Amino acid sequence: MLSQRARYLISFQYCGTMYSGVMETPPDQAKFGVQNYLEKAAEKLRPLVPIKFVISSRTDAGVHALCNTAHIDVERSGGKPPFSESVLVQALNRNLKPEPIRVLGARRVSDTFHARFSALSRTYVYRVATGCSWPSELLPVFEQNLCWVTQRGHLDLAAMQEAAGFLVGTHDFSTFRSASSELPAKNPVKTIDQLEIRPSSGFLMHHVNNSELKFWELEFTSRSFLYKQVRRMAGVLVAVGQHRLDPEHVKKLLEIRDLMAYPSSTMAPACGLFLKNVEYCEADLEIGRTEAET
């Protein structure tokens, strides 16, 4: 009996502190990627062919995801019908324990759907904590490795919002990319569709008697980003909020178009960065829904 191959869009989240990033790493590495654990969990489904997770959005070591996505092709042995979406989610989560990785959902999609190339946009949130004289002082243990603890007082929100205005829109972001193997092939022109900076709150902070500690969120939306672009933009905006840079300096950095012009020791650390979501066209997803019901 012929087996039916089914493609699914998988949504998943993870705390990235203990991983080398989301992408798969060789078995001889000291730290593994989130993909290694996802595919190990998928092995226990006993597929006819090994299941590979084609991940939509790359995150580096220490970066977290509230919702990343990937597509997988599943072909069951013995001519068994495709897994239902709910059964697939339950089985993967059962096999992922005790890792801090969770599958949020699965959706049948068409064989032509691609988790990376079909994405319309990606949204990242960067979290900052202020009011600590030292990184470990006053910060609740529940927030460790989940935000950037700065030591220069609270942020000037108005100045940051002024600086953010220079980043919104289509620009050459050469100054805001990090050196990597993608240079010089990848086009440095990107479009920031939305950039919002706002006061936020920490985990259960309304129960903590400390008026000095404050939290902030910087949210970025674009179809795609350059390598470490979000962390470099966040670092510059925080520097503006600390009055180490003027808002106009952000405009000058864009105009220079040289990654070597980026201020030293300014890039935000990985621990505060979260991939919030990946957006798709509902019509693309509905094609798969129709196929799944026939």
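What is the relative accessibility of K52, and how does K52 count on that basis?

Modeller: K52 has a relative accessibility of 43% and therefore counts as partly exposed; buried means under 20% relative accessible area, exposed over 50%, and partly exposed in between, with a 1.4 Å probe and protein chains only. Please keep in mind that this is a predicted model, in which local features need pLDDT of at least 70 and side-chain atom pairs count only at pLDDT 80 or more, while totals for chains, interfaces and linings use all residues. Residues are numbered from 1 along each chain as its sequence is written, and side-chain values use heavy atoms, with hydrogens and water left out.

The side chain of K52 meets that of E39 in a salt bridge, at 3.2 Å from N to O; the term stands for a side-chain nitrogen of Lys or Arg within 4 Å of a carboxyl oxygen of Asp or Glu. This pair links distant parts of the chain, since K52 sits in the loop between α1 (34-43) and β2 (54-55), whereas E39 belongs to helix α1, 13 residues away. Helices (H or I, at least four residues) and strands (E, at least two) are DSSP runs, numbered from the N terminus.

In general, side chains of opposite charge can pair when their charged atoms come close, and the structure holds 11 salt bridges. One of the others joins the side chains of E217 and R198, at 2.9 Å from N to O. E217 lies in strand β9 (residues 214-222) and R198 in strand β8 (residues 189-200), so this pair ties together parts that are 19 residues apart in sequence, and both E217 and R198 are buried.

Another salt bridge is formed by K276 with E219, whose closest N and O atoms are 3.3 Å apart. Here K276 comes from strand β10 (residues 273-279) and E219 from strand β9, which places the partners 57 residues apart. K276, at 30% relative accessibility, counts as partly exposed, whereas E219, at 9%, counts as buried.
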